[in-house]
Amino acid sequence: MKYFLLMSLSLLLFVVHVSGQENEYYFSSVWAVKTNALYWATTTPNLGVEFGLGKKVSLDISGNYNPWTFSDNKKLKHWLVQPEIRFWMCERFNGHFFGVHGHYAEYNAGGIKVFGLKDHRYEGNLYGGGISYGYQWIIGKYWNLEVTVGVGYAHLKYDKYESEACGRYIGEYKNNYFGPTKAGVTLMYFFK
């Protein structure tokens, strides 16, 4: 995990000069803060930043943190970081893009009827990566709306428990997952 976070921070530090797109809605240097409405729908606060790296390339780094435990020991506790390099078809921050992303998370989830979490609680971490496709619409002078989906791989290592509070320990497991790894309906605000 330390190496993954160090790699993400190193990528960010190499962004020395941010050059912007030529568009009446944008500035010569562009970066944005963003939040994903789909994560908020799961009670997960989240925030991201995106920087231009070139005319058709940007770096997106997003993070999520869910600290809540609900009644009957229901929880979807986790933190997640997901950096992504994006390649834009026309100009960055406008239109179609393809991305390559990585992800690392630690989680403690269980007691929820969805995602197969009803009868057990899972506590562990995951890492992996994938590819994504997305589209951004300019909706105002400083605002964009983005929709993105991604598929890829995650390696999960976790301890399994019965779902009730202080539930019985069942065992340690490892699992490889292939499938959706990213989804978003994201609102963005741009800065100079």
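Where is isoleucine 139 found? Isoleucine 139 sits in the loop between strand S6 (117-138) and S7, where strands are DSSP runs of E of at least two residues and helices are runs of H or I of at least four, numbered from the N terminus. Before we go on, a word on the model: it is predicted, so local features need pLDDT of at least 70 and side-chain atom pairs count only at pLDDT 80 or more, while totals for chains, interfaces and linings use all residues. Residues are numbered from 1 along each chain as its sequence is written, and side-chain values use heavy atoms, with hydrogens and water left out.

Isoleucine 139 is exposed, at a relative accessible area of 52% (buried means under 20%, exposed over 50%, and partly exposed in between, with a 1.4 Å probe and protein chains only). S7 gives the largest share of the patch, three residues.

Now for the empty space. Rolling a probe the size of a water molecule over the atoms shows where such space is left. On a 1 Å grid over the protein atoms alone, a cavity is a set of points where a 1.4 Å probe fits but cannot get out, whereas a pocket is an open set with protein on both sides within 12 Å along at least five of seven lines; lining residues have an atom within 4 Å of a point. Points are joined across faces, edges and corners, and a volume is the space filled by probe spheres set on them.

The largest pocket holds about 1100 Å³ of space. It is lined by 28 residues, with Leu76, Phe115, Leu126, Leu156 and Pro180 closest to its centre. S8 contributes the most to this lining, seven residues. By type, the lining of the largest pocket has 17 nonpolar, nine polar and two charged residues (Ala, Val, Leu, Ile, Met, Phe, Trp, Tyr, Cys and Pro count as nonpolar, Asp, Glu, Lys and Arg as charged, and the others, Gly among them, as polar).

The whole structure has one cavity of 30 Å³ or more, and the largest cavity contains about 130 Å³. Of its 18 lining residues, Asn36, Tyr39, Asp60, Ser62 and Thr186 lie nearest the centre.

The structure holds 11 salt bridges, each a side-chain nitrogen of Lys or Arg within 4 Å of a carboxyl oxygen of Asp or Glu. In one of them, arginine 86 pairs with aspartate 60, their closest N and O atoms being 3.7 Å apart. This pair links distant parts of the chain, arginine 86 in strand S4 and aspartate 60 in strand S3, 26 residues apart. Arginine 86 counts as buried at 1% relative accessibility, and aspartate 60 counts as buried at 2%.

Arginine 121 and glutamate 123 form another salt bridge, at 2.9 Å between the closest N and O atoms. Arginine 121 is buried at 10% relative accessibility, whereas glutamate 123 is partly exposed at 34%. Finally, shared partners join Lys34, Glu50, Asp60, Glu84, Arg86, Glu146 and Lys182 into one salt-bridge network.
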